[in-house]
Amino acid sequence: MANLRSWIQIWPSFGRFFGILSLLVLDFKITAFADDKGRSSGFAASESTCKNTNYQSFLPPPYQNISNMICKPVWHTYELRYIQNDHTTTIILSAPYTIGWVGIGFSRDNMMVGSSAMVGWINKHGHAKIKQFYLQGKKASEVIADKGEIPLNNMPAAVATSGAEIYLAFQMQPRTPFGKQPILLAYGNKTPKNHHLSKHVDKTAIIFDFSSGYKGSGSNELIQMRKSHGIVGIMGWGLILPVGAIIARYFRHKDPLWFYLHSVIQFVGFGFGLATFLLGLQLYNKMQAHVPAHRGIGIFVFTLSILQVLAFFLRPNKDSKMRKLWNLYHSWVGRLALFFASVNIVLGIQAAGAGSDWGIGYGFLVSIVIVATIILEVLAYLKRSEMRALPPSFPMDPVHEATFPSHLTKGGML
């Protein structure tokens with residue numbers, strides 16, 4: 001009853017905390033930004049002159065997750081999709097393809113020599129290949145693989161085919177966003193051997209205006225929201241909730257302190273999980289990003305967390321026969337939720353193209369949690385072994401029948 005009265009007294013504080021947290025999250029809106037023609041948009045709208053290709057179904061993350069890219073026909077049936085913000089320029093080039101290679105180059109002076117190009121092809125084994133080449137000269141020997149001045153970021157480039165078309169996708173981090181940029185388009189009809197390109201069958205050079213695809217303010221707002229979604233999720237599911245689980249497993253000898261710490265920490269962690277879920281919903285409504293695995297696992301994990309909260313209020317008494325089953329359910333559902341949450345964080349970092357810094361940071365956090373768990377598990381095992389090795393606390397001698405001196409008989413007298 002004392003425990004119940006304590007929870008009744010502190011529960012209004014939890015209610016106020018979650019109410020304020022929900023209002024803050026729901027009030028976090030993505031505002032639309034008008035361009036120089038007064039049109040309001042977060043991302044630029046797609047051009048209607050391009051084919052309506054669902055590239056999200058065959059390109060890997062993060063390219064499948066970038067919606068509403070600007071698309072413009074550039075040469076024959078070549079189409080260039082692009083979008084850029086203050087940090088990243090994403091390009092997807094589509095072109096007709098049967099065999100050979102397709103490339104897009106970037107030049108300073110509209111000339112082939114001295115330019116750098118991204119070239120994609122499908123080899124004779126059916127494997128997709130994409131590489132950067134530096135066009136040092138006009139000879140085949142002067143086209144150098146894995147060299148060039150295209151400022152690629154850490155996200156791997158991708159190439160895929162769909163029907164009779166090939167798609168080259170890559171991301172760059174230029175010092176300043178592109179404006180009017182000379183680009184080269186070319187293709188060859190022979191598959192590269194040992195990464196040596198054959199001579200092009202046809203080529204062209206054009207001045208392409210990337211400035212209409214620059215959305216600094218709107219994109220930055222959306223990027224900040226994605227960062228908040230990631231940070232809150234990592235804090236809740238990567239740090240706070242694992243700490244609460246560690247306390248419940250390894251500090252039960254500090255009764256009842258462990259219970260209050262575990263409960264408070266897990267409720268705070270649930271608040272972070274709720275904020276992560278709401279931010280994810282807003283991102284999906286704004287971007288319509290094609291991330292079925294990340295989204296599905298997120299919904300599954302959030303459902304498990306709700307079940308854990310409900311289980312807290314339905315916890316049987318210690319004397320109840322159901323208490324043992326409840327303990328098994330509560331502990332294993334919690335472990336399952338933490339496992340899938342960690343998997344989903346990795347998927348989210350990959351889908352967002354967040355780069356190596358996020359991966360390294362989360363990996364460091366997970367390593368700390370795992371090392372701490374291993375140390376505490378070893379200490380707990382040693383303590384249990386020590387307790388089993390100790391003799392009983394109150395040894396008792398066996399009861400024997402009373403004995404009498406040999407010179408006396410039972411019932412005799414001195």
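Which residue takes a positive phi in the hairpin of β7 and β8? In that hairpin, which has five residues between the strands, Gly126 takes a positive phi near 85 degrees. This is a predicted model, in which local features need pLDDT of at least 70, side-chain atom pairs count only at pLDDT 80 or more, and totals for chains, interfaces and linings use all residues. Residues are numbered from 1 along each chain as its sequence is written, and side-chain values use heavy atoms, with hydrogens and water left out.

**Overall composition**
- The protein contains six helices and 13 strands (DSSP runs numbered from the N terminus: helices H or I of at least four residues, strands E of at least two).
- Of its 414 residues, 39% are buried (under 20% relative accessible area, 1.4 Å probe, protein chains only).
- Among contacts (heavy atoms within 4.5 Å) with a separation of 6 or more, 64% join residues 24 or more positions apart.

**Strand pairing**
- Strand β7 (residues 116–122) pairs with strand β8 (residues 128–135) in the antiparallel sense over seven bridges; pairing requires at least two DSSP bridges between two strands.
- Met118 has Gln132 in β8 as its bridge partner.
- β8 also pairs in the antiparallel sense with strand β9 (residues 143–145), over three bridges, and Tyr134 stands opposite Ile144 in β9.

**Annotated transmembrane regions**
- An unreviewed UniProt entry places the feature "transmembrane region" at residues 230–251, 258–284, 296–315, 336–354 and 360–382; such annotations may be inferred rather than shown by experiment.
- Residues 258–284 are 100% helix, with end C-alpha atoms 38 Å apart.
- Residues 360–382 are likewise 100% helix, and their end C-alpha atoms lie 33 Å apart.

Technical notes: Buried < 20%, exposed > 50% of the residue type's maximum accessible area, 1.4 Å probe, protein only.
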